[in-house]
Amino acid sequence: MIFPSLTRRAAMAAGFAFWSALALGAPAKAQDFPDRTVTLVVPFAAGGSTDVVARIIAQKMSEDLGQQVIVQNVAGAGGNLGAANVARAEPDGYTILMATVATHALNPLILKTKPYDPEKDFAPISLLVVVPNVLVVNPELPAKTVQELLALLKAEPERYAYASSGNGTPLHLSGELFKKMAGVEMQHIPYKGSGPALNDVLGNQVPIMFDNLPSSSGHIKAGTLRALAVTTAERASSFPDIPTIAESGIPGYETYTWNALFAPANTPQPVIARLNEAAKKAMADPAVQKRMEEFSAKIVGSTPEELAAHVKAELAKWIPVVRDANIQMD
């Protein structure tokens, strides 16, 4: 025996003290959070809309937390690579994810091999912003409203196609939901990114596209694209004259891109609360709100519970669309 003088009672007392110290020490450590740099993983390349939102929020969160929040781009596999890295990270709050509708609603439904569970493998922090998508057409297409477009599609159901940024992307699924709810047909033409798709719509190789509003806004203002409707339930503050698809004759239609913060599952609740507090303060900052408005983003700043409910609702919404469109990817 290593400690022959240690009595049974003393051993029990020592064990109790040990576990008590752990129990008391864990919350104290969480309450001291953060005491070093926090890494915010963006699962897409630098320069995209998710990256822009992340860098704006990271700067303000750094000021509130008293520690630097650095953005790390881990692009690949449609956002799955970076998201999976965060799911496997130490659940201490020092590695968090800037998630999107792709990472937490669409990819988990579309991919045959699931690298993570969007609900079980993450702890929600806050839904930050929603960004409208927009239905745009080449100006040569004889449709100035959603109803006029529906008339064209119904008159010649095999003639028209729509472009998107790729198979299984939010923009692709926006088009599939539109077809499902309107009872029309359009061929889907996937591209490797929004830029190439926009180029072909501008050149009228493909006449119709669902795009992120920030991506198309310059072309809409210049008149080189015609915006028929935004995809959100409310009109975009940056383009108040563009109606919604719902008010244009397809009630209940709503899609958008969203950005939210998640930590790995089992991150201590005090750490989640501190990150949520910093995120909400950042979203309430007037300078941040001005930047987001310029970006056509609507600020949310939710609680963790509201974000959890949001993910559940998004998964439920997209399951029948993915199933009916038979979208599966390796």
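Tutor: Here is a walk through the model, from overall make-up to single residues.

Student: What should I know about the model before we start?

Tutor: This is a predicted model: local features need pLDDT of at least 70, side-chain atom pairs count only at pLDDT 80 or more, and totals for chains, interfaces and linings use all residues. Residues are numbered from 1 along each chain as its sequence is written, and side-chain values use heavy atoms, with hydrogens and water left out.

Student: Ok. How many helices and strands does the protein have?

Tutor: 11 helices and 10 strands. These are DSSP runs numbered from the N terminus: helices are H or I, at least four residues, and strands are E, at least two. The C-alpha trace spans about 95 × 40 × 30 Å along its principal axes.

Student: And what share of the residues counts as buried?

Tutor: 50% of the 330 residues. Buried means under 20% relative accessible area, exposed over 50%, and partly exposed in between (1.4 Å probe, protein chains only). As for contacts (heavy atoms within 4.5 Å), among those between residues at least 6 apart in sequence, 77% join residues at least 24 apart.

Student: Which residues touch the most other members of the largest nonpolar core?

Tutor: Leu135, Leu149, Phe178, Ile208, Trp258 and Trp318, out of 51 residues in that core. Helix α11 (residues 304-325) gives the largest share, six residues. A nonpolar core here is a set of buried Ala, Val, Leu, Ile, Met, Phe, Trp, Tyr and Cys residues joined through side-chain atoms within 4.5 Å. There is a second, separate core of 34 residues, including Phe33, Ile56, Val69 and Leu275.

Student: Back to Ile208. What does isoleucine 208 touch?

Tutor: Not counting residues up to four places away in sequence, its partners include Leu135, Leu149, Leu153, Tyr160, Tyr162, Met186 and Val201.

Student: Now α4. How many of its residues are buried?

Tutor: 10 of its 10, residues 101-110. Among them are His104, Asn107 and Pro108. They pack against α3 (80-87), β3 (95-100), β4 (122-137), α6 (170-182), β9 (256-264) and α11.

Student: What caps the N-terminal end of α4?

Tutor: Threonine 100. A side-chain oxygen of threonine 100 lies 3.1 Å from the backbone nitrogen of alanine 102. The cut-off for a polar contact is a pair of N or O atoms within 3.5 Å; within protein, one must be able to donate a hydrogen and the other to accept it, and residues adjacent in sequence count only if both atoms are side-chain atoms.

Student: Which residues of α3 are buried?

Tutor: Asn80, Gly82, Ala83, Ala84 and Val86. Their cover includes β1 (38-42), β3, α4, β4 and β9.

Student: New topic. How do the axes of α9 and α10 cross?

Tutor: At roughly 70°, and they come within 5 Å. That makes α9 roughly perpendicular to α10. Axes are lines fitted to C-alpha atoms, for helices over the stretch in contact, with angles from 0 to 180 degrees between N-to-C directions. Under 35 degrees counts as roughly parallel, over 145 as roughly antiparallel, 65 to 115 as roughly perpendicular and the rest as oblique.

Student: Which residues meet there?

Tutor: Ala282, Met283 and Ala284 in α9 meet Pro286, Val288, Gln289 and Met292 in α10. Aspartate 285 caps the N-terminal end of α10, with a side-chain oxygen 2.9 Å from the backbone nitrogen of alanine 287.

Student: Where do alanine 77 and serine 296 lie?

Tutor: Alanine 77 is in the loop between β2 (69-73) and α3, and at 60% relative accessibility it counts as exposed. Serine 296 is in the loop between α10 and β10 (298-299), and at 7% it counts as buried.
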